[in-house]
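Colleague: I'm new to this structure. Could you show me how to read its features, one at a time?

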Amino acid sequence: MPNPKNVHVVPHGKDWAVKREGNDRASSVHDSQAQAWNKARDSARQDKGEAFLHNKTGQIRERETYGHDPNPPKDRK
């Protein structure tokens, strides 16, 4: 199975777009960031990839990994 592409939620004018890495066009465009984030997580979950939520300035504010995580979080004890 090829490596899954990461999915990003990015600003798209007044809306929010779901874009796969390497694609020029958005997979989908949504009225709210929450709707786009739900769609991105569903896509990443299905492909066992990662979903990235960007804020309005483009910075990553949240990340979800599905499948194999190459950098799992350290245990907090």
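Modeller: Gladly. Start with a pair of facing residues: Val 7 stands opposite Ala 51 in E4. Please keep in mind that this is a predicted model.

Colleague: In which sense do E1 and E4 pair?

Modeller: E1 and E4 pair in the parallel sense, over 3 bridges. On the E5 side, E4 and E5 run antiparallel and are joined by 5 bridges. There, Glu 50 stands opposite Thr 65 in E5.

Colleague: How many residues lie between the strands in the hairpin of E4 and E5?

Modeller: The hairpin has 5 residues between the strands, and in it Gly 58 takes a positive phi near 100 degrees.

Colleague: Which way do the residues of E4 point, and are they buried or exposed?

Modeller: Glu 50, Phe 52 and His 54 point one way, Ala 51 and Leu 53 the other way, and all are buried. That is 5 of the 5 residues of E4.

Colleague: Now the helix, please. Which residues of H1 are buried?

Modeller: The general idea comes from the turn: an α-helix has 3.6 residues a turn, so residues three or four places apart point the same way. In H1, the buried residues are Gln 33, Ala 36, Trp 37, Ala 40, Ser 43 and Ala 44. Seen down the axis, these buried residues fall within an arc of 130 degrees, so they line one face of H1. On the other side, Ala 34 and Gln 46 are exposed.

Colleague: What covers the buried residues of H1?

Modeller: The cover includes strands E1, E2, E3, E4 and E5. Just after H1, Lys 48 takes a positive phi of about 55 degrees.

Key: Residues are numbered from 1 along each chain as its sequence is written. This is a predicted model: local features need pLDDT of at least 70, side-chain atom pairs count only at pLDDT 80 or more; totals for chains, interfaces and linings use all residues. Side-chain values use heavy atoms; hydrogens and water are left out. Buried means under 20% relative accessible area, exposed over 50%, partly exposed in between (1.4 Å probe, protein chains only). Helices (H or I, at least four residues) and strands (E, at least two) are DSSP runs, numbered from the N terminus. The arc is that of the directions from the helix axis to the C-beta atoms. Contact means heavy atoms within 4.5 Å. Two strands pair if DSSP finds at least two bridges between them.
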